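Please look at the sequence and structure first.

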Amino acid sequence: MKQLHWIKSPIAPAEGAAITFRKEFSLSKPIAQATLYVSAVGVYRVFLNGKKQGRQVLTPGFTSYTSRVQYETLDVTASLQAENRLELTVAPGWAVGHIGYDGGKKAWADHMRAACRLELTYTDGTVQTVEGDSSFEVWTHEVTFADIYHGETIDKTYIPELLGNALPDDDQYPLVPQQGADITEQEYIAPVKLIVTPKGERVLDFGQNMTGYVSLRIKGKRGERVVLTHAEVLDKDGNFYNANYRTAQNRLTFVLSGDEDFFKPGYSFQGFRYVRIDEYPEQAIDPNAFRAIVVHSDLTRTGRFACGDAKINQLYHNIIWGHKSNYLDIPTDCPQRDERLGWTGDTQVFCRTAAINYDVRPFFKKWLGDLRAEQEPNGAIWGTCPEKFASDYHTRIATGWGDVCTIVPWTLYEMYGDDSFLSENFEMMRRWVEYMHGAGPEEFLWLGGTHYGDWLAMDADQDSCAGATSTDLIASAFFANSVDLLIRSGEVLGKDMTEYKTLYANIVKAFRSYFMENGMPKETIAAVSDAERAKDKYDIPVKKGMTQTAIVLILHFNLCLPEERKALVDKLEELIHAFGDKMSTGFLGTPYILHVLSENGRSELAYKLFFNEDNPSWLYSVNHGATTMWEHWNSVKEDGSFWSTSMNSFNHYAYGAVADWMYGKICGVTVLEPGYRRVRLSPAPCERLGFAKCGIDTVQGRLESHWYYADGRICFEFTVPNGCEAEIVLPNGQTETVGGGSYCYSVAQ
Ligand code: BGC
């Protein structure tokens with residue numbers, strides 16, 4: 001397609017205000033086809049003769065804008081008439097509004113831009129184009145303020161003013177066709193109640209923590225206002241609480257026209273369950289006039305899980321909602337405070353679960369493109385993506401976070417069998433491995449550096465985020481794992497991986513001699529860079545080798561000899577008992593701990609941890625009324641008080657990665673060959689659950705695993721899609737290999 005060009009306003013609009021690029025044109029002949037190509041630096045909605053075009057919202061989504069901005073291609077034929085008005089409303093969005101951490105800043109662009117072309121094909125075969133150029137007028141807009149973090153003001157009394165004709169802009173911000181999944185309004189939720197809190201505030205409860213915005217239908221006097229502030233939780237006294245949003249105001253202001261109005265934000269989003277009504281015209285509040293509109297990337301649901309335990313079903317519900325809330329165009333850490341960033345650690349931790357629950361292929365095709373675009377020349381991968389906010393404004397190059405670039409492509413290849421995830425990303429994976437190779441003073445270990453470590457682990461110091469496990473050990477273990485994934489990927493692609501196999505062998509050897517003795521991690525690890533790390537506010541110079549997370553990583557990444565496994569698992573069990581039969585693991589250890597226990601003959605202990613209800617556990621938050629996953633195991637403490645406001649999200653999906661174990665171990669579905677070409681079905685029945693079943697719409701077709709207790713026996717029902725070979729392994733050791741079809745078994749209890 002012929003290149004689109006940017007245009008801009010001749011006069012800077014008021015801070016945060018939306019503007020409209022407008023053009024009127026007439027058609028002289030009947031139209032056969034009209035196609036609109038459109039984009040903006042900012043977020044936009046496009047209207048033809050007053051009708052919104054396309055199903056998407058918050059377009060063009062969040063990319064690494066200086067490398068690429070997506071444009072949409074819309075069929076607008078049905079909206080054309082003889083006289084036409086094309087309007088492209090642009091608000092600051094991620095690109096021009098606040099974004100980043102520590103309050104965010106305007107990082108990507110200093111002003112909004114628009115680009116469009118309308119291609120008209122007449123029935124007589126002639127073609128005409130309407131170019132987005134200086135023939136467009138620029139007007140102010142009734143959205144007088146919009147910011148991703150701070151919310152939106154819609155003033156229905158506002159009379160738009162002409163700012164002048166658009167000016168051509170430079171060619172920064174390259175345009176590319178939309179690659180990601182559509183961002184759409186997905187669900188409409190009515191409030192479950194209107195609460196008057198002990199402080200006398202009026203608060204709507206939508207019953208579910210979510211991402212999106214609130215609409216309102218109302219008639220009042222001209223100029224009257226409705227002001228809404230959002231929150232995820234109430235405090236222990238039942239009062240509205242939003243201090244954990246930090247600087248993000250998440251406020252909606254609606255100014256009434258005097259006629260019947262329908263307000264719906266479109267240029268910001270909020271993460272919330274509760275909405276406080278700060279201002280309202282002098283009339284009774286009609287809760288039914290409000291709707292919460294859930295917004296996220298439009299992904300096809302592929303995985304479902306259910307069992308006979310209501311609390312575990314609630315946990316699963318919370319995982320799904322954590323997922324929906326944090327897959328709004330990019331994989332975010334959380335959808336509400338002044339972050340909402342594509343944190344790479346969180347992304348890699350959750351990606352396998354995500355790829356079972358939903359078809360995430362287009363979503364990740366796009367995001368991995370941004371990750372590639374932002375890889376540093378030396379191979380480094382940042383802590384978030386999109387990341388390049390500004391040259392002075394970076395996250396860390398950290399172990400377990402940067403490894404997203406090897407873990408995600410490999411996981412997607414395993415789940416979908418599509419090797420384009422490997423071929424497109426192989427060079428990025430290789431360069432990241434080479435970055436780690438040269439990162440520290442030792443060639444085969446990653447020592448030093450500034451990491452997040454086993455973030456939020458329970459063995460961290462009081463109110464600290466840095467877990468106790470040596471970051472040198474963690475970084476070297478992830479280095480080994482990334483090289484392993486690189487080798488496997490290279491082999492799939494038919495590359496000679498000899499050099500990297502030698503590197504891998506050297507890393508494992510160096511790891512074992514530096515961090516282990518007698519087949520065990522050393523108690524303490526001599527820290528290489530205490531001084532460097534002590535400078536940082538989150539990192540304490542941690543040196544522990546003998547932790548749950550260290551053993552979990554050694555076992556999961558296969559850094560031990562086969563004959564050392566049993567003693568390591570015994571030691572892990574001992575450490576769990578010593579910690580009150582609980583996990584001390586954080587972001588990096590938790591995703592693997594139950595897998596490691598189940599795979600090494602400690603299924604009962606895995607279940608014990610899974611069923612724990614005290615802090616730290618998955619059910620602790622369920623017992624405290626959670627409807628999404630929390631950032632901390634105990635975001636609400638036992639006494640009802642909250643974790644520090646600086647870091648306390650109630651919608652952080654990372655610990656939801658346990659769903660991968662629920663499908664994989666409770667229902668027993670293990671992918672043995674990429675794209676579910678071969679699987680093992682080896683469920684782990686347990687009486688507390690009573691039954692468990694899952695259905696996964698794999699690329700081969702529908703796979704089901706179901707077990708239940710009946711008449712003193714345990715019954716198993718499996719559905720295997722054609723194109724898939726399944727190795728069925730029952731708890732009594734009975735094994736059978738089958739092809740597509742349905743299978744039932746029962747064994748004595
Ligand atoms: C985010 C995390 C992220 C972390 C880095 C936090 O502020 O919310 O989820 O991974 O920073 O450690």
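How many nonpolar, polar and charged residues does the lining of the second largest cavity have? By class there are five nonpolar, three polar and no charged residues. Here Ala, Val, Leu, Ile, Met, Phe, Trp, Tyr, Cys and Pro count as nonpolar, Asp, Glu, Lys and Arg as charged, and the others, Gly among them, as polar.

## Basis of the report

The model is predicted: local features need pLDDT of at least 70 and side-chain atom pairs count only at pLDDT 80 or more, while totals for chains, interfaces and linings use all residues. Residues are numbered from 1 along each chain as its sequence is written, and side-chain values use heavy atoms, with hydrogens and water left out.

## Cavities

The structure holds six cavities of 30 Å³ or more. A cavity is a set of points, on a 1 Å grid over the protein atoms alone, where a 1.4 Å probe fits but cannot get out; a pocket is an open set with protein on both sides within 12 Å along at least five of seven lines; lining residues have an atom within 4 Å of a point. Grid points are joined across faces, edges and corners, and a volume is the space filled by probe spheres set on the points.

The largest cavity has about 60 Å³ of space. Its lining includes Tyr44, Thr59, Pro60, Gln70, Tyr71, Glu72 and Asp329, and divides into five nonpolar, five polar and two charged residues. Strand β6 (residues 69-75) gives the most to this lining, with three residues; helices (H or I, at least four residues) and strands (E, at least two) are DSSP runs, numbered from the N terminus. The second largest cavity has a volume of about 50 Å³, and Trp618, Trp630, His632 and Trp633 are among the residues that line it.

## Largest pocket

The largest pocket has a volume of about 1300 Å³. It is lined by 48 residues, of which His556, His595, Glu599, Lys665 and Thr670 are the closest to its centre. The lining has 25 nonpolar, 14 polar and nine charged residues. Elements that each supply at least two residues to it include α3, α12 (590-599) and β33 (669-673).

## Backbone features

The peptide bond from Thr59 to Pro60 is cis, with omega near 10°. Pro60 sits in the loop between β5 (51-52) and β6, and both Thr59 and Pro60 belong to the lining of the largest cavity. A cis peptide bond also joins Asn615 and Pro616, with omega about -5°; Pro616 is in the loop between α13 (603-611) and α14 (618-623).

Asn250 is not a glycine but has a positive phi of about 45°. Its relative accessibility is 0%, so Asn250 counts as buried (under 20% relative accessible area; exposed is over 50%, partly exposed in between, with a 1.4 Å probe and protein chains only). Arg340, in the loop between β30 (330-331) and α3, has a positive phi near 55° and is buried at 1% relative accessibility.
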